[in-house]
Amino acid sequence: MADDGALTPAGGRPLRVAVVGAGPAGIYTAEALVGRAPVPVTVDLLDRLPTPFGLVRHGIAPDHPKMRAIRDTLHRALDDPGVRFVGNVEIGTDVSLEELRAHVDAVVYTYGAALDRPLSIEGEQLTGSLAATDLVAWYCGHPDADRARVETALVGVRRAVVVGVGNVALDVARVLCRAPQELEPTDMPQHVLDTLAATAVEEVTVLGRRGPVQATFTTKELDELGELAEATVLVDPADLPGEDEPRPPDRLVARNVDVLRQYAANTAPPGRTRLTLRFYRRPVRILGTDRVTGVEVERTAVDDEGRAVGTGETEVLPADLVVRSVGYRGEGLPGLPVDPRTGTVPNDDGRVLRDGTASAGEYVAGWIKRGPTGVVGTNKHDARETVAALLADAEAGVIGPHGDRDDLVHTLQARGAEPVLLEDWRAIDAAEVALGATRGRARTTLHEREALLAAVRAAAAR
C-alpha cells in the first residue's frame, strides 16, 4: 500500500497518539488533537476496515445523501498533515493492544458500539428475524454484512414488523417502503437495489413499547416518512395524547406529536404500502416453525416511573420479517475491559479505568465511552472532553514523547499486513465513483473487502 512515512515535524519527535476507530468520534478526536494541542501531536487514525467514516459510511441510510455528505467535512481532518489514516488494521490480529501501545505515547479508543441488543423472546432465532444492525450493514455495503442471511430473510416478504421507535427503526421502515425508483440514485450496492426491488412489501408496522412522548426519533426523521412516493403513514389516534391534554413541555416531543396527529388523519388508498406506527405494544413471541409467520404483541401502559408494563391484552400481527432496533452495545478489544452491563469501557472523563484506576496513556471517546446516544455531532463535544484529559495528562508529565518509537505502518508492512493509507483510500473512492458512473449514479459502494483492496492494488500498479 502507499507509504506516507512516519509523521515527524521539525524540532524533535512529537507526541504520537493512536486513535482506534476512524468514524466520527475518531476523526473529531484526531482533529481536536492536532488543532488544540500546546505541544506537537501526530495521530495515527486506525480502523479495521479499509475505509474511513464508520457509521457515516455504514450506518446512515443511503437514501439520506445530505446527512451522508458529512463525510466531506470529516475528510478535511484526514487531509491534515498531522493525521495519518491507517485502515485495514485489526487490533488483536494485525497488532496486539500491547504492541500498539509500545508504538505510541497514548491510545484513544473510539471504535463505537456495533453489537445489537436482543429482544430475548421466543422465536428470535427464526429465519426472517434480523437485527437492524444486520439489515443496515447489508444495505449500506458493509464488508462484514451477512449477505446470504439477510437476503434469505427478505425472500417473499410482504409484511414486516420493526421493533423500536428510534431513528434507526424509522430508517429501516423507510427503506423497506421505498419504491425502486427512489432507491436507484443512491450509492447502495447493486445487489441490494436488486433485492429490494424484488421485495414487494405491502405493510410495515413499527412498534413502540411506550407512547409517542417517550419515542426517541427526531421530527426530521418522522416528517420524512410522509414524503414516501408509494407509501402512506398511519397512526391510531387512540395512541396519541388527547387534544384536551396539555401540550408536551419538550419542544421536540411536541413537534413529534403534531406530526403524528397529521398521520392519524390519513387513510391508505388501495395499492399503496401501509406504514403503521403503533405505540404501547411490545413483542412477547415471534411465531413460526422454520421462518417468521407473525408476532404476538402485548398491549402496555406506562407506569409512574416511565416504564412499559404489560396489561395482559395480546394480539397477533402477521409478519414475514421482524427487525429489532432496540439499541446497541459495545464489546471489548482483546486486552481492553468493557462493562458488560453498559457495553462501555470504564472511564473517568475519557481516561480508561482498569480495576478502578486510570490507566496512563489510555483514553476513550464516542459510543464506547458513553453508550449509543446522541447524533453525529454529539461526538465532537465528547471528543474534546477526552482530548482535554489527554492534554492535561501530557502537561502533567503523565504521558509524553519518552524515547524512540518504531513507526507503526513500517512494522505492519514488514510483517505482511496491508495497511490502507490516505492515498489508498482515495483510490477506493475513485473506484466507487467510476462504478457509479456506469449506472448514472454519483457512486456505488464497493461492499467486499477484497474488492476494496483490489482497487488499492490496481492504483498502485499503475
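A residue is called buried here when its relative accessible area is under 20%, exposed when that area is over 50%, and partly exposed in between, with a 1.4 Å probe and protein chains only. The model is predicted, so local features need pLDDT of at least 70 and side-chain atom pairs count only at pLDDT 80 or more, whereas totals for chains, interfaces and linings use all residues. Residues are numbered from 1 along each chain as its sequence is written, and side-chain values use heavy atoms, with hydrogens and water left out.

H6 covers residues 132-140, and because eight of its nine residues are buried, the helix is largely enclosed by the rest of the structure. The buried residues of H6 are Ala132, Thr133, Leu135, Val136, Ala137, Trp138, Tyr139 and Cys140. After H6 comes Gly141, which has a positive phi near 80°.

A nonpolar core is a set of buried Ala, Val, Leu, Ile, Met, Phe, Trp, Tyr and Cys residues joined through side-chain atoms within 4.5 Å. The largest such core has 48 residues, and of these Tyr139 and Leu277 touch the most other members. Helix H8 (residues 167-177) gives the most to this core, contributing seven residues. If neighbours within four places in sequence are left aside, Tyr139 is in contact (heavy atoms within 4.5 Å) with Ala61, Pro62, Asp171, Val172, Val175, Met188, Pro189 and Val192. Another core, of 38 residues, lies apart from the largest one, and its members include Ala32, Val83, Leu390 and Ile399.

H6 also meets helix H7. Axes are lines fitted to C-alpha atoms, for helices over the stretch in contact, and angles run from 0 to 180 degrees between N-to-C directions. On that basis the axes of H6 and H7 come within 10 Å and cross at roughly 105°. H6 is therefore roughly perpendicular to H7, given that angles under 35 degrees count as roughly parallel, over 145 as roughly antiparallel, 65 to 115 as roughly perpendicular and the rest as oblique. From H6, the residues Asp134, Leu135 and Trp138 meet Arg147, Arg149, Val150, Glu151 and Leu154 of H7. Ala, Val, Leu, Ile, Met, Phe, Trp, Tyr, Cys and Pro count as nonpolar, Asp, Glu, Lys and Arg as charged, and the others, Gly among them, as polar; by these classes the contact of H6 with H7 has four nonpolar, no polar and four charged residues.

Two of the residues of H7 that meet H6, Arg147 and Glu151, also pair with each other. They form a salt bridge, with their closest N and O atoms 2.9 Å apart, the term meaning a side-chain nitrogen of Lys or Arg within 4 Å of a carboxyl oxygen of Asp or Glu. Because Glu151 and Arg147 are four residues apart in helix H7 (residues 147-154), about one helical turn separates them. Glu151 counts as buried at 19% relative accessibility, while Arg147 is partly exposed at 37%.

The structure holds 41 salt bridges. In one of them the side chains of Asp239 and Arg281 meet at 3.8 Å, N to O. This pair links distant parts of the chain, 42 residues apart, with Asp239 in the loop between strand E9 (231-235) and helix H12 (251-264) and Arg281 in strand E11 (residues 281-288). Asp239 is buried at 1% relative accessibility, and Arg281 is buried at 8%. Glu362 and Arg354 form a salt bridge at 2.7 Å, N to O; Glu362 is buried, with a relative accessible area of 0%, whereas Arg354 is partly exposed at 27%. Through shared partners, salt bridges also join Asp63, Asp171, Arg174, Arg178, Glu182, Glu221 and Glu224 into one network.

Finally, some backbone details deserve a look. Phe53 has a positive phi near 90°, although this residue is not a glycine; Phe53 lies in the loop between strand E2 (41-46) and helix H2 (55-58) and is buried at 1% relative accessibility. Asp355, also a residue other than glycine, has a positive phi near 55°; Asp355 lies in the loop between strand E17 (351-354) and strand E18 (357-364) and is exposed, with a relative accessible area of 84%.
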